[in-house]
Every structure is written in C-alpha cells, then in structure tokens.
Amino acid sequence: MTTIKLREAIQDDLDALVSLEISSFPGDRISRRSWRDLLKSASALVTVASDGSRVIGSTVTLFNRRAAMARLYSIAVVPEARRQGVAQMLLDGAITSAARAGACMLRLETRFDNVPAQKLFIRLGFKPFKRVPSYYEDGAEAIRYQRTISNDEIDTHP
C-alpha cells in the first residue's frame, strides 16, 4: 500500500464518493445530488483519504459557527482498507478541522450495532450522550457521541 494522504475533496471526486458510499452502507446513503451540494457548501468540509490516486475513505464535517459546534455527518472507509488506521486518520483530520474552524465541540452518531466505530470514537475521547430510537431508515437505534475540542488541538493532529 502506498502512503495514505488526506485532502479536501473536489468535484472530480464525486464518482468515487458515490462508490464509497455504496460499498460502505447498505442504506441511509448520501445521494449523488447531496454529494454535489456538500462539495459546494461553505458550511461543509468533505475530506478524502487517498492511497495514490484511489479514494479509500471520506468524512463530511458540518460547521455551525453560531453554535461553535461541528458535526461529523459521515465517515466511511472502503471495506478492503478497514482496520488499517484510515478511519482514525480521517477522524483526527475532522477534529483538527473543527478546531481550526473555532468549534469547541464535535458531535456524531453511529448505529447501536457498529461496535468497531464505537470503540474508535471512545478511544479518541468521544463520550456517548444520547440514544435515538428509530434513527436509521431500517429502524435501527443511533448512539450520539460528543467530544470537547481545544485550540491546542489545531497542531496536535495531522
């Protein structure tokens, strides 16, 4: 495997982002149209992890400057690149981006049965604060997590 790099997504990544979404989630997917909107949005940051020229992961971070809060809307890694540190790299990037944007809190949610993601979130300092019944389109419950962010994290994450 070549070196994995994070970068801001561009419109040319649209097909790769749609494919990543399809390979990562059985439902509750971001549509092509929504990806287009997210890539253009001033309040969203779409980041991709690439292994050479191939997109192997992504995050979508939404910013609310009035509330000094950011939300990790989506994190995905292609199945064949999982358990190689890509999700942690993407999450570290989202934390840094939130700190640079002045957010003091980063929130996210995950399915109740996504134990690997929950372990990663907890390892990186996220704390569960709410369960949301019937959150996903298949009726699955979500667990919401949050993490305080400090200004010194601007330089501590890659």
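Predicted model: local features only at pLDDT ≥ 70, side-chain atom pairs only at ≥ 80, totals over all residues.
Residues are numbered from 1 along each chain as its sequence is written, and side-chain values use heavy atoms, with hydrogens and water left out.

**Exercise 1. Find out how well strand 2 is covered, face by face.**

Step 1: Locate strand 2 at residues 44–51. Strands here are DSSP runs of E with at least two residues, numbered from the N terminus.

Step 2: Recall that side chains in a regular strand alternate between the two faces of the sheet.

Step 3: Check each face. A44, V46, V48 and S50 are on one side, L45, T47, A49 and D51 are on the other, and all are buried (under 20% relative accessible area, with a 1.4 Å probe and protein chains only).

**Exercise 2. Work out how strand 2 pairs with strand 1 and with strand 3.**

Step 1: Use the rule that two strands pair if DSSP finds at least two bridges between them.

Step 2: Take strand 1 (residues 4–8), which pairs with strand 2 in the antiparallel sense over five bridges. Here I4 stands opposite D51.

Step 3: Turn to strand 3 (residues 54–64), which is also antiparallel to strand 2, over eight bridges. In this pairing V48 has S58 as its bridge partner.

Step 4: Look at the hairpin of strands 2 and 3. Two residues lie between the strands, and G52 has a positive phi near 75°.

**Exercise 3. Describe the surroundings of R144.**

Step 1: List its contacts (heavy atoms within 4.5 Å). Leaving aside neighbours within four places in sequence, R144 touches R107, L108, E109, K127, P128, F129, K130 and V132.

Step 2: Compare sequence and space. R144 and F112 are 32 residues apart in sequence, and their C-alpha atoms are 9.4 Å apart.

**Exercise 4. Identify the aromatic cluster and the charge over a ring.**

Step 1: Count the aromatic pairs: there are three. Rings of Phe, Tyr and Trp (its six-membered ring) pair if their centres lie within 6.5 Å.

Step 2: Name the cluster, formed by F121, F126 and Y145.

Step 3: Find R111 over the face of Y136, 5.6 Å from the ring centre. The test asks for NZ of Lys or CZ of Arg within 6 Å of the ring centre and within 35 degrees of the ring normal.

Definitions and conventions. Buried < 20%, exposed > 50% of the residue type's maximum accessible area, 1.4 Å probe, protein only. Helix = DSSP H or I, 4+ residues; strand = E, 2+ residues; numbered from the N terminus. Phe/Tyr/Trp six-rings, centres within 6.5 Å; stacked < 30°, edge-to-face > 60°.
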